[in-house]
Amino acid sequence: MQSNVEKITDENAQILAYYRALLRSCRNITTSLERKEIGRAFRMSLEAHANYRRKSGEPYIYHPIAVARIVAQELGLDAVSVICALLHDVVEDTSIELSDIEREFGVTVAKIIDHLTKISGVFEKGTSEQVENYRRLLLTLSDDIRVILIKLADRLHNMRTLEHMKGEKQLKIASETRYIYAPLAHRLGLFSIKSELDDLALKFMEPETYRQIVRKLKENKEESDKYIKQFVNYLREHISDLDLKFKIKGRYKSINSIAEKIKKQAIPFEQVYDLFAVRIIIDCSVEQEIALCYHVYQRLISTFKHNPGRLRDWIAVPKSNGYRSLHVTVLGPKNRWVEVQIRSIHMDIEAERGVAAHWKYKDSSTKHKNAPNRNIPSYENWILSVREMLENQQLNSVEAVSNFQKTLVIDEIFAFTPKGDLIRLPVDSCIADFAYAIHSKLGSQCIGAKVNGKLATLTQGIKNGDHIEVLTSAKQSPKPDWLDAVKTPRAIHHIKRALSEVRKQQIERGRTIFLWKLKQFSLSENNPLVHALIRYMNLHDLDELLYKLGTHSIDVERIMSFISQKVRPVIKAPKNEDNGNKIVIGAQEIDRDMLLIDLNNTIDRYEFPACCHPLPGDDVVGLLSLEDNGHVEIHKTTCPQAIDFMAKYGSRIVKVNWNETSSVEFLAAVKLIGEDRIGMMNSILRIVSVKMKLNIRSIFIDAEKANFEGILRVYVQNSQELERMMANLMLIPGITEVMRMNAESYRKYFKRVYETTLTRRVRE
């Protein structure tokens with residue numbers, strides 16, 4: 001057995017090895033003087049964290065060294081960033097003060113460390129602190145982008161070592177990563193980091209899905225590698241005469257991307273054909289890169305059969321995160337479609353490092369003077385709009401962060417103003433979004449538009465390339481139903497602000513009426529009778545009562561009748577109290593550490609939302625209601641609503657488990673696909689009703705040509721019973737696919753069926 005002395009000696013040797021690897025990573029981006037400064041930062045961090053260890057039992061210094069290496073090697077940032085990465089936890093965790101940092105390393109390093117300290121470590125304290133922490137993190141975007149980049153490196157290393165955390169902590173951190181950090185990395189153009197964060201989040205949130213895809217990829221790796229090599233040689237052979245300096249490499253689709261495609265298209269792994277892409281990277285000057293990329297593209301489409309519908313020209317119109325590349329899908333050997341990405345070496349660096357690359361080009365010395373920086377304004381415009389939104393005092397932290405999260409989506413469409421200015425908008429945006437993107441006043445007064453010369457309503461969707469002239473009226477003002485149509489946070493913010501102003505005016509008008517009525521009874525607005533009146537009218541609060549009075553949508557005589565009866569004030573029920581790890585509900589207590597879902601006796605304590613339909617046996621998480629009424633919502637760990645909630649309210653996660661003796665039945669939906677033959681329905685019913693003795697709620701079958709699709713809704717006691725039923729159904733000859741449906745996919749399916757049926761009737 002290894003002694004403590006031997007262990008410490010081994011650890012010291014490992015620390016030294018990690019530090020030397022860091023210096024090697026920094027060699028191309030630092031001077032010898034800067035490396036000496038990095039050495040001083042390392043020694044300060046090593047000494048400060050000497051008595052600290054991580055959850056894994058390893059010396060804490062492993063973490064800052066790893067973060068610094070990500071900053072240097074994967075982001076390619078400067079010496080200041082590496083120093084800050086080494087010191088990012090010392091002020092928060094140790095006795096070192098910010099003034100010590102400033103004295104040793106200067107104002108810039110101290111300022112970055114200060115920002116990193118302010119946005120760390122308060123996730124555990126409660127709801128408002130957790131979301132406010134996000135807000136502070138995001139506000140640093142326009143102060144110094146290096147703060148965000150170091151924070152992303154810190155999160156990446158934490159995710160790489162997440163297996164040492166407890167299960168509920170893993171869920172919380174993975175939810176935060178999927179909700180805010182991975183989309184933020186995507187929005188900043190950090191493709192590699194975004195992909196790894198998504199994959200690691202999937203690993204801890206949907207472990208079975210992750211393991212299945214990894215296993216399938218390993219099984220197919222030898223064949224895929226062989227095909228990629230064959231296709232690369234095939235490609236090189238056809239472009240080698242272009243007199244270009246280039247390299248070709250293949251890359252596999254990320255595990256999370258594969259999982260998303262399987263889920264979105266409801267297909268098995270074997271039907272995901274674009275498991276990899278091939279990238280042609282041209283080594284040339286900035287001045288030549290665009291012409292040479294199109295030159296290679298012309299050669300490919302003239303040589304290979306290609307799919308015009310899959311062409312993506314991100315060079316002519318780059319993505320909002322600065323991504324530039326040409327994507328073309330060509331038919332390769334064995335009649336397989338393969339996506340080929342064409343880009344210059346500068347574009348490739350931008351695609352992998354995003355804003356980090358742009359920041360380097362913007363702030364670096366002459367050694368980067370020829371590097372591209374044309375997309376920096378796109379980042380800066382987005383960053384300024386984000387700061388304006390986050391600093392808006394009318395939004396609470398939850399609303400501000402939710403709005404920010406929506407700005408991270410960069411699946412875009414492009415439309416043009418009458419002057420030819422290009423406006424970028426999220427997919428599914430409408431005319432009102434377009435108007436608000438130009439100016440808030442234009443949006444508020446929008447009554448419609450001319451789209452490509454034809455009249456359109458303000459809620460009509462926009463298509464790529466539309467030319468739009470917004471029509472306005474001075475008498476127009478935002479309406480509540482606009483919120484159902486608009487998609488952009490900017491439009492939502494301005495509509496809500498305008499509606500809020502109108503509501504305030506209506507409330508004040510209602511207050512005048514109410515006080516005048518109360519005066520007739522010598523009562524004040526604070527009288528307990530007013531609270532009884534609000535409950536009697538089934539309203540939420542006094543403001544709602546005043547608003548309804550101000551809009552004349554409530555019967556004043558009913559109010560007068562209630563008051564005149566001199567109803568005694570209703571005594572309030574005692575509030576639930578939170579005592580440490582116990583939540584007291586009357587005389588009952590819920591243990592935060594483990595809540596057993598006993599459906600036989602206490603079903604009133606749990607709520608099962610329709611968003612994900614969890615079944616006993618599913619991996620679930622409990623979320624303590626924000627109303628503090630003691631109710632716990634039970635969600636599947638993969639439920640988007642649960643992920644959103646856990647990312648914002650980590651302190652309200654309750655670990656739960658199922659009581660296996662429950663006899664309560666749940667309604668589950670299953671989609672069936674197969675061959676349409678005589679007796680198929682009878683075979684399905686025989687399995688479900690006769691063999692398994694399950695109660696069927698409904699069954700829907702839609703046949704077309706020789707195939708059918710169907711939805712079976714059945715009552716089951718747990719997920720294991722549902723899986724047994726699905727396995728038995730797969731044994732029926734002609735059944736090709738059986739899959740469980742959640743509420744969202746169920747709604748989408750019948751919406752599609754309705755639209756298809758409607759189209760058929762119109763044709764007939």
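Average pLDDT for the protein is 79, and 79% of the residues score at least 70. Among the elements, helix α4, residues 79-87, has the highest mean, 93. Strand β12, residues 582-585, has the lowest, 34. Residues 121-128 fall below 50, yet this stretch has 20 contacts in the model beyond near neighbours in sequence. Residues 599-604 also stay under 50, with 16 contacts beyond four places in sequence. Where pLDDT is low, the predicted coordinates should not be read in detail.

Now the sheet. Four strands form an open sheet, in the order β21-β22-β20-β23. The pairing is antiparallel. Which strands stand at the edges? They are β21, 695-704, and β23, 735-741. Each has a single partner strand, so one side of each lacks a neighbour in the sheet. From one strand to the next, the twist averages 15°. Strand β20, residues 666-675, is joined to β23 by 6 bridges. In one of them, G674 has I735 of β23 as its bridge partner.

Two helices go with this sheet. Helix α26, residues 680-691, packs on it and touches β20, β21, β22 and β23. Its direction makes about 160° with that of β21. Helix α27, residues 719-730, lies across β20, β22 and β23, at about 165° to β23.

Last, a helix pair. Helix α21, residues 489-519, and helix α23, residues 542-550, have axes that come within 7 Å and cross at roughly 85°. That makes α21 roughly perpendicular to α23. The contact includes R503, I507 and F514 of α21, and L542, L546 and Y547 of α23. Its residues divide into 8 nonpolar, 3 polar and 5 charged.

Notes
Residues numbered from 1 in each chain as written. Predicted model: local features only at pLDDT ≥ 70, side-chain atom pairs only at ≥ 80, totals over all residues. Heavy atoms only, no water. Axes fitted to C-alpha atoms, helices over the stretch in contact; angles between N-to-C directions. Parallel < 35°, antiparallel > 145°, perpendicular 65-115°, else oblique. Contact = heavy atoms within 4.5 Å. Nonpolar A, V, L, I, M, F, W, Y, C, P; charged D, E, K, R; others polar. pLDDT = per-residue confidence, 0-100. Pairing = 2+ DSSP bridges.
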